[in-house]
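Me: I am learning to read a protein structure one feature at a time, and I would like to go through this one with you. Could you give me the general idea of each feature and then the case here?

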Amino acid sequence: MSKTSRICAFALPLPVYHGFDYAVDEVSNYQPGIRAELPFGRGNKIGIRLPGNPSEEGERELKAAIVPLDEQPVLSSHLLELGQWMAEYYCQPLGEVLFFCLPGYLRKSQTQTETRLRCWKLDSIDPQLEQSLQTRAPRQHQLLQALRDKPQGMTAAELRSIHANWRQPLSALEQQGLVSSHWQEALPATRLPLQQACTLTADQQQVYDRIRAESQQFLVHLIEGVTGSGKTEIYLDLMQDVIARGQQIIYLVPEIGLTPQLLGRLQQRLGPVVVTSHSAQTEWQRYQAWDQFRRAAARVMLGTRSALFAQSDDIGLIIIDEEHDSSYRQQDGVRYHARDVAIKRAQMLDIPIILGSATPSLETLYNLARPHYRLHKLEQRVNRSPPPSIQLIDCSQQPLTGGCSPQLLQAIRQHLAAEGQVLLFLNRRGFAPVVMCHDCGWQASCFQCDARMTLHQAQNQLICHHCGHRLPMPVKCPDCGQSALQHYGIGTEQLQDFLQQQFTGVEVIRIDRDTVSSAQQVEHKMQALQQARPCILVGTQMLAKGHDYPHITLVGILDADQALYSSFYRAGERLAQTVLQVAGRAGRADKKGQALLQTAFPSHPLMQGLRDQTYAELVQPMLDERKLIGFPPYVRVVSFQVDALSLDLALDKLQQVRQLLMPLLSEDEIKLVGPIPALMARRVGRYRAQLTLMADNFAQLRQVLQQALPQIQALRNTRKSQLTIEVDPVDL
Ligand code: ADP
Ligand code: ZN
Ligand code: ZN
């Protein structure tokens with residue numbers, strides 16, 4: 001090893017909480033954020049150079065880094081800092097977090113490949129030379145003619161379509177100085193014409209002005225407004241300003257079903273400067289978008305939660321649409337909340353961040369009291385049609401057929417007759433959720449989960465929605481062998497069948513995970529709805545988000561009662577958000593809408609509230625209650641979860657964690673609950689239990705964590721039992 005070598009720390013994608021030191025002889029080749037191939041164990045691994053001054057090599061015999069993989073860092077110093085903050089805040093291994101912040105393409109040993117397209121152009125042509133080529137080199141001549149027809153240039157794919165063996169004649173043309181090449185950006189194209197901004201309404205203008213007035217500093221702007229109140233239009237105007245200043249924008253949406261329509265809308269206003277990043281894309285597509293954004297060829301990064309880690313030197317604005325949506329929380333791998341990390345990123349960059357929602361999360365409403373939060377309300381829809389009021393249908397005293405009450409069926413009939421479209425929301429897929437034997441009481445449950453299996457009739461199978469396990473539907477009860485099995489309850493498959501029988505000749509479209517698997521398929525299915533002919537749309541949560549259905553006049557919500565007896569402490573909040581979101585789909589454009597909510601508990605305060613109150617009025621008592629019983633957002637929570645081969649193993653490991661924490665909890669300001677089995681303790685054959693820390697004061701909680709973490713993290717994770725830590729978990 002040469003004398004000049006230095007020690008640099010690298011993060012490796014491993015479940016460990018520290019960096020690894022390696023000797024490096026040419027430090028300038030290993031700037032922070034550069035990936036390098038490193039010897040590790042018996043093989044090699046990729047690491048990312050961490051910030052921090054390299055130290056002189058001391059006594060230790062260190063392995064030497066093998067080779068840098070990058071010329072320029074894959075993580076800017078700002079993203080390295082954000083990643084370090086995330087790792088610390090969420091108690092996640094630094095290497096795993098940093099690798100997570102990279103596009104998948106760069107998590108392996110791929111180099112930073114060029115994402116622009118090489119493009120060849122005809123520079124000059126001498127008629128004599130051309131003529132001689134015709135006889136002397138017919139392939140060159142053929143390419144020459146094609147290039148003349150395309151003055152903007154041709155890509156490799158286009159040249160290949162002229163001639164399969166195009167490379168050799170093309171380079172001959174290049175050598176003669178007739179053709180030259182350049183790099184061309186391959187940004188997502190649009191055929192839509194550019195559109196002028198529309199004149200904002202007075203309400204929109206006010207919100208726009210207030211955000212614009214403070215556009216050069218960190219502030220969290222909550223725009224609270226129902227669907228159709230013109231939030232997106234305000235974002236568009238603000239984005240135009242940011243782009244005009246030469247800066248870039250990150251725009252997050254909860255689900256990709258939303259983006260095809262939205263992408264078109266952004267391109268129409270901002271031009272072909274928008275790239276997208278979401279899980280339905282290939283690794284290459286996501287890397288390409290990342291690279292285009294990094295080089296500022298694209299000005300807007302539109303995507304789902306991980307698009308937040310797009311790299312840029314000059315972001316001017318972050319937008320989080322539908323900020324209340326639960327999909328911003330990642331529940332496996334690196335556990336983080338994209339909205340909260342986005343707020344941190346905006347703070348580090350000292351730029352504004354906009355949160356948009358018709359039904360803001362209780363966390364955000366609670367945070368409004370903090371000095372750097374601003375609330376902007378849009379009280380009306382742009383077209384002034386009020387959102388439909390919600391009517392309750394009492395179904396406690398009457399039989400339902402196909403999950404529908406007579407009043408609901410009557411309303412569907414009326415709306416279809418008036419050429420309206422109907423949306424029925426039922427958040428349960430499959431045909432029936434319960435299958436049992438009348439004689440002996442046997443129930444179809446999953447052999448590896450604490451869960452029932454759902455009947456899917458078209459496939460004649462029982463399916464566990466938690467692990468995906470499938471069985472053929474038994475003809476007779478497997479236990480007593482006596483009788484045929486009965487099914488109870490209604491899922492979307494059955495609802496669709498039933499409605500199809502009731503309303504012959506009317507198209508019944510079903511949208512759930514069994515009928516659509518990609519954004520394109522959703523778009524395809526939705527096309528029927530763009531025409532103004534009567535039809536019925538049946539679907540799960542997938543329907544609640546984003547789409548614009550101009551002709552829907554009736555929304556029916558079936559089986560919302562599940563939320564009333566759920567043990568999930570956010571169930572009420574979720575129900576209110578979903579119901580208002582789904583009901584908001586009725587009656588856009590010029591058609592007045594109606595929303596019906598079926599419930600067996602019409603006098604329950606939540607149901608009454610949904611009928612009579614605004615969202616703000618509805619959630620205030622929920623906030624009060626959480627304060628009273630000491631739940632988030634009034635307390636901060638860190639939970640330790642173990643997933644093990646047996647429940648005893650899970651509880652044992654958590655008991656060890658408890659032992660480590662107990663001595664640190666002198667004051668009773670920090671509560672320790674558990675270990676207890678998780679709600680659905682058995683899942684895919686493994687058992688889960690949890691231990692929860694709760695405190696009013698986050699600083700105190702952090703202090704305890706910081707002291708205990710090294711020992712907790714040292715508890716060995718094996719296949720038998722795995723410990724994960726969740727900071728701000730969604731559930732308790
Ligand atoms: P939101 O994002 O709150 O759902 P949008 O911005 O999508 O609302 O606006 C709803 C509809 O109203 C869209 O079709 C949009 O084009 C239209 N719209 C919004 N603002 C205006 C305006 N100032 N003038 C005319 N149409 C508008
Ligand atoms: Zn039986
Ligand atoms: Zn299962």
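Me: Is Arg510 buried or exposed?

Reply: The general idea is that a residue is called buried under 20% relative accessible area, exposed over 50%, and partly exposed in between, using a 1.4 Å probe and protein chains only. Arg510 counts as buried because its relative accessibility is 11%. This is a predicted model, in which local features need pLDDT of at least 70, side-chain atom pairs count only at pLDDT 80 or more, and totals for chains, interfaces and linings use all residues. Residues are numbered from 1 along each chain as its sequence is written, chains are lettered from A and ligands numbered from 1 in the order in which they are written, and side-chain values use heavy atoms, with hydrogens and water left out.

Me: Which residue forms a salt bridge with Arg510?

Reply: A salt bridge is a side-chain nitrogen of Lys or Arg within 4 Å of a carboxyl oxygen of Asp or Glu. For Arg510 the partner is Asp512, and the closest N and O atoms of the two are 3.0 Å apart. Asp512 is itself buried, at 0% relative accessibility.

Me: How many salt bridges does this rule give?

Reply: The count comes to 27 salt bridges. One of them joins the side chains of Arg35 and Asp70, with 2.7 Å from N to O.

Me: Where do Arg626 and Glu573 lie?

Reply: These two form a salt bridge whose closest N and O atoms are 2.8 Å apart. Arg626 is in helix 18 (residues 615-629) and Glu573 in helix 16 (residues 571-583), so that the pair links distant parts of the chain, 53 residues apart. Each has a relative accessibility of 4%, and on that value Arg626 counts as buried, as does Glu573. Salt bridges can also share partners, and in this way Glu185, Asp291, Arg294 and Arg295 are joined into one network.

Me: Which residues are the protein donors of the zinc ion (ligand 2)?

Reply: Donors are N, O and S atoms within 2.8 Å of the metal (3.2 Å for Na, K and Ca), and since water is not among the atoms, sites may look incomplete. Here the SG atoms of Cys437, Cys440, Cys477 and Cys480 lie 2.2 to 2.3 Å from the zinc ion (ligand 2). Along the sequence these donor residues are spaced C-x2-C-x36-C-x2-C. Cys440, in the loop between strand 19 (434-436) and strand 20 (454-456), and Cys477, in the loop between strand 22 (470-472) and strand 23 (486-488), link distant parts of the chain, 37 residues apart. Cys440 is partly exposed, at 38% relative accessibility, whereas Cys477 is buried, at 3%.

Me: What is the geometry of the site of the zinc ion (ligand 2)?

Reply: Four donors count as tetrahedral if all angles lie between 85 and 135 degrees. The angles among the four donor atoms are 106 to 113°, and the site is tetrahedral.

Me: Which residues coordinate the zinc ion (ligand 3)?

Reply: The zinc ion (ligand 3) is coordinated by the SG atoms of Cys446, Cys449, Cys464 and Cys467, at 2.2 to 2.4 Å. Its site is tetrahedral, with angles of 103 to 114° among the four donor atoms, and the donors follow the spacing C-x2-C-x14-C-x2-C along the chain. Cys446 lies in the loop between strand 19 and strand 20, and Cys464 in the loop between strand 21 (461-463) and strand 22, so the pair ties together parts that are 18 residues apart in sequence. Both Cys446 and Cys464 are buried.

Note on methods. Tetrahedral: all angles 85-135°; square planar, octahedral: opposite > 155°, others 65-115°. Helix = DSSP H or I, 4+ residues; strand = E, 2+ residues; numbered from the N terminus.
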